[in-house]
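Hi everyone, thanks for coming. Let's walk through this one together, starting with how the chain is divided.

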Amino acid sequence: MQAHRQRLTAISTEELNKDQHRLSNLTFDIAGCHFDLSRQRFDQHTLNDLAALAGEANVASLRDALFAGEPINVSENRAVLHMALRGGAPNLATELVREIEAARQKLYQCAEAIRSGSWRGYTDKPITDVVHIGIGGSHLGPELITEALCDFTAASPKIHFVANIDGFDLVTTLRSLNPATTLFIVASKSFSTLETLENARSARNWFLERTCNTAAIAQHFIGITNNIAAAKDFGLAEENLFSMRDWVGGRYSLWSAMGLPAAIAIGSDNFDKLLHGAAIVDQHFAETPLAENLPLLCALAGLWNYNILGCQSLAILSYDQRLRLLPDYLQQLEMESNGKSVSREGEALDYTTMPILWGGCGTNGQHAYHQLLHQGTSAYAADIIVVAQDQMNLPHHRNWLNANALAQAQAMSDGWIPQSAQDSHRAVPGHHPLSMVLIDELGPTQLGALLATYEHKVFCQGALWNINSFDQWGVELGKKLAEPIYRSLSEQNSSGLAYDTATAALITKLKSPKT
Ligand code: F6P
């Protein structure tokens, strides 16, 4: 790999693209999305060796184990079957298919009842506002879909998302709402997540203070969880509970009942199209030979960029305002999945995994961090997402937006070398590896396909790095450490708690900020 790197260092992307087969080998059209990997900094020889690496890492047999529902989440002994929720996993037991279908019908009935106004609040008024309370995988996907598909939400009540434990999030959301026409969705796979439970408790108090009607909770609170007992203990009515199975990972859960706010927003027909778009990619991933397999090639490009070219970050640059939340969603999907330092067998790795994923929305980023992308000293890779058409009829909109996206791609990959030494401060080195995604129009099918491609890319990268992409033990320590600090800050049972010097000093400062 290092030899390939040296061989390719001085070759321009334009030179690489003179290979007459390159464009057809490195572009893919799937469910209205055109993926273009021709600006990646590898050639066919490199790809052949990368494909051999995929063979050595047993990606194909791990993929087959994934689709067969084997417990590939080894540290939690769980299957990973979110593809089953969208009809993307063939060969499922008939009983499981029936269960999934029944759950989807329940979800659609609920969504349509809320949309049509047949779901009534306790004063017999239809719902005008839905407040979805959840965090991480129980928030990012549903919000992304709701915002990205805003063109399909005309018949929907307004959907609000509350995630942060900072009460500001909830209070500012509730400020303008009427409890009689507001419906809350409490979304937590575990039903034990601090942020969600605190926010849900405050939402319930807000509701009861204004309605003085405990019985009305049944018309105004819905739960989505794998922990039905805890949701019932919280006071949610059993008929308002949507269950999800433990083989649906939090960050892969938007296809499940967790997608309820999105289904309310876009309607069940469009939600079905979202599932269908993802299932098209599932089928491609499951059946296409490795050398032409899009998610695998995306994963190999990512591994090459990170482990060999030293790109420490992956920028997701959405050239569409509706995809503003895509980087946030992908941060969890990619970094919570593959930010790992032990192998599937639990041994320390002697190589690094997973670049920092970040990003933003074009063209705004061009007037902020793109300076660093063009002239900074850090190696990075980028995915640039472009949408060909939209429903807007504004002269400044689509062509200017897309012209800028293509121009940025050109500058990042080809750069510009000044003719004279005096102009050196204008030099743009280029040579940054890019993938372009061109979406014909931003509809549910296309969005489903885009997200499923990233999901399977993450799976392949985890397989290549031999890590378990489906647990997230790293986030537990912080949760545990926060408990005693909370007690100290609120002076509840805090005697005898000992901290390191820096934490102790900051606790003192927080308790009496002016001293
Ligand atoms: O703390 C991380 C995490 O467990 C994520 O993996 C998950 O998506 C999020 O918290 C929310 O979890 P839950 O749905 O159980 O509330």
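The protein chain splits into domain 1 (28–57 + 288–417 + 424–471), domain 2 (83–269) and domain 3 (474–511), with bounds that come from an automatic or database domain assignment. The centres of domain 1 and domain 3, taken over C-alpha atoms, are 39 Å apart.

A quick word on the source: this is a predicted model, where local features need pLDDT of at least 70, side-chain atom pairs count only at pLDDT 80 or more, and totals for chains, interfaces and linings use all residues. Residues are numbered from 1 along each chain as its sequence is written, and side-chain values use heavy atoms, with hydrogens and water left out.

Now, the ligand. There are 13 residues around the ligand, and Gly137, Ser138, Ser188, Ser190 and Thr193 come nearest; being near takes a heavy atom within 4 Å. By class, this shell has 2 nonpolar, 8 polar and 3 charged residues, with Gly counted among the polar ones.

A polar backbone atom of Gly137 is 2.7 Å from a ligand oxygen atom, and an N or O atom in the side chain of Gln332 is 3.1 Å from one. For polar contacts, the cut-off is a pair of N or O atoms within 3.5 Å. The protein covers 87% of the 390 Å² of accessible area that the ligand has on its own, by the Shrake-Rupley method with a 1.4 Å probe.

Technical notes: Polar contact = N/O pair within 3.5 Å; in protein donor to acceptor, adjacent residues only side chain to side chain.
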